[in-house]
Amino acid sequence: MAAIYVGTYRKYNDGNLAGEWIDLEGLDKDEFWEKVHELHADEIQATGEIEPMFQDWEGVPKGMVSESSIDDALWDWLDLDEDDREMLAVYHEHVNQDGGIDEARESFRGKYDSETDWAYEWWEETGMLDSVPKDLRGYIDYEAYVRDMKCGGVNFIRHNGDVWVFFD
């Protein structure tokens, strides 16, 4: 569940933490702001405006919400399915904090049980394994290949028991 606790700076400065959790699921940007304005209608009536304060948030990628702002990319992220949300969160945290979903999808190479499982599959998919005589294939050092790939722009990330692979 993606949600933000929304108060206001005015109330906070008066020692009042009054606010409410707003569930972001199914909301677009305009609907969110309508809820914020409904929630703090008393302040709008008193002062003519509000200065929202995002006091807590959960279930959103790192860096998309701060105390005083919401990144516009959050609304696109909310439109993603759970698998793409998880992939983008891993990508942002470990590869490129500013990359979008299209960039993350292009970079993502899959989830594996181990780094060497990825290396074997990569050799197989790219045809490199076919260039090695069958009786020598057991001598390939996939661990050394993985070490080289780490220096060459391949990111291996342990997440939820799997190795996620992203290319730079």
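Is lysine 29 buried, exposed or partly exposed, and what is its relative accessible area? Lysine 29 is partly exposed, with a relative accessible area of 35%. Here buried means under 20% relative accessible area, exposed means over 50%, and partly exposed lies in between (1.4 Å probe, protein chains only).

1. **Ground rules.** This is a predicted model, in which local features need pLDDT of at least 70 and side-chain atom pairs count only at pLDDT 80 or more, while totals for chains, interfaces and linings use all residues. Residues are numbered from 1 along each chain as its sequence is written, and side-chain values use heavy atoms, with hydrogens and water left out.

2. **Salt bridges in total.** A salt bridge needs a side-chain nitrogen of Lys or Arg within 4 Å of a carboxyl oxygen of Asp or Glu. The count by this rule is 7.

3. **Lysine 29 and aspartate 72.** These two form a salt bridge, with the closest N and O atoms 2.8 Å apart. Lysine 29 sits in helix H2, and aspartate 72 sits in the loop between strand S3 (52-58) and helix H4 (73-78), so the pair ties together parts that are 43 residues apart in sequence. Helices (H or I, at least four residues) and strands (E, at least two) are DSSP runs, numbered from the N terminus. Aspartate 72 is partly exposed, at 48% relative accessibility.

4. **Glutamate 25 and arginine 85.** Here the closest N and O atoms of the salt bridge are 2.9 Å apart. Glutamate 25 is in the loop between strand S2 (20-23) and helix H2 (29-39), whereas arginine 85 is in helix H5, so the pair ties together parts that are 60 residues apart in sequence. Glutamate 25 is partly exposed at 32% relative accessibility. Arginine 85 is buried, at 6%.

5. Glutamate 82 counts as exposed, at 56% relative accessibility.

6. **Valine 95.** Look next at the loop between helix H5 (82-94) and helix H6 (101-107), where valine 95 is placed. Valine 95 is partly exposed, at 24% relative accessibility. Its C-alpha atom is 15 Å from that of arginine 85, 10 residues away along the chain. Contact means heavy atoms within 4.5 Å. Leaving aside neighbours within four places in sequence, valine 95 is in contact with Val90, Asn155, Ile157, Phe166 and Asp168.
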